[in-house]
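Please look over the sequence and structure before reading on.

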Amino acid sequence: MHSLRQKASEWSGIDTADAFAIDDTNLFFKLSSTFHQFLHQVSSVLSQMGLFWNSISCSFLLIALEIRVYNDEEEWFRSIFANSKKEEAIQNLYEFFVERMGGPTLYSERKGDPALIGRHRPFPVKHQAAERWLHHMEKALESTPYIDADSKLKIMKFFRHTAFFLVAGDELKNQNQRVP
C-alpha cells in the first residue's frame with residue numbers, strides 16, 4: 001500500500017522533495033520586499049471590481065478564491081464549496097499559506113495543527129476538483145507580476161502535490177467508509 005505522500009507524488013507528477021522545496025527558501029521573507037507593490041495592485045483591482053478589501057485578504061489567494069473559485073463557471077465545482085463560508089475559507093488559506101511559506105504561524109495559533117486531510121473531510125476532493133482548483137491557483141499566480149518565476153514554480157509544485165495529497169486522503173476516507 002502506498003503512503004498518501006507517495007500517491008500524491010504519483011498522481012501529481014511532483015516528487016515529494018520538489019513539492020517541499022518551499023522549505024529550502026523562506027518565500028515569505030523573499031517575497032515581502034515586493035509585497036507592498038502587490039498590495040497596491042490588488043487593492044486597486046478589487047476596488048475597481050467593487051469587492052471588499054481587508055488585511056486578511058491581502059494576497060493573490062483572495063483573487064483566486066473570491067473571483068475564481070467561488071465564481072467558477074462550473075456548477076459542480078462551485079457546489080463543493082457551497083457549505084463553506086467564503087470569508088473563513090479565504091482567511092484559512094491565507095494564514096496557512098503565510099505560515100507554510102515561512103511567515104508567522106497565524107493558522108496554527110488560531111486553529112491548531114493544519115491536519116489538512118481531516119479539515120477537508122467534508123469536501124469531495126477528487127482528481128477533477130484538484131485539477132480545477134490548481135487551474136485557479138495557477139491563473140492567480142500568473143496574474144501576479146511581483147512573484148518571481150522560481151517562487152511561482154515552487155509554490156505551484158507545493159500546491160499540486162498538496163492537492164493530490166488531499167485526493168489521496170479523500171480516497172482513503174471513502175475506502176474506510178466502505179469497510180464494514
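## The cavity

In this predicted model, helix α10 (residues 149-178) gives the largest share of the lining of the largest cavity, four residues. The structure has one cavity of 30 Å³ or more, and the largest cavity holds about 50 Å³ of space.

Its lining consists of Ile117, His120, Arg121, Phe123, Val125, Leu166, Gly169, Asp170 and Lys173. Sorted by class, four of these residues are nonpolar, two are polar and three are charged.

## The largest pocket

The largest pocket has a volume of about 780 Å³. It is lined by 28 residues, and those closest to its centre are Phe81, Ala89, Arg119, His120 and Phe123. The lining comprises 20 nonpolar, four polar and four charged residues.

Several helices contribute at least two lining residues each: α5 (75-80), α6 (86-100), α7 (106-111), α8 (116-119), α9 (127-142) and α10.

## Aromatic pairs

There are eight aromatic pairs in the model. In one of them, Phe77 and Phe81 have ring centres 5.2 Å apart and planes at 70°, so the pair is edge-to-face. Phe77 has a relative accessibility of 1% and counts as buried; Phe81, at 17%, is buried as well.

Phe97 and Phe159 make a tilted pair, with 5.8 Å from centre to centre and 40° between the planes. Because Phe97 belongs to helix α6 and Phe159 to helix α10, this pair ties together parts 62 residues apart in sequence. Both Phe97 and Phe159 are buried. A cluster linked by ring pairs contains Phe20, Phe96, Phe97, Tyr107, Trp133, Phe158 and Phe159.

Methods
Residues numbered from 1 in each chain as written. Predicted model: local features only at pLDDT ≥ 70, side-chain atom pairs only at ≥ 80, totals over all residues. Heavy atoms only, no water. 1 Å grid on protein atoms, 1.4 Å probe; cavity = no way out; pocket = protein on both sides within 12 Å on 5 of 7 lines; lining within 4 Å. Points joined across faces, edges and corners; volume = space filled by probe spheres on them. Nonpolar A, V, L, I, M, F, W, Y, C, P; charged D, E, K, R; others polar. Phe/Tyr/Trp six-rings, centres within 6.5 Å; stacked < 30°, edge-to-face > 60°. Buried < 20%, exposed > 50% of the residue type's maximum accessible area, 1.4 Å probe, protein only.
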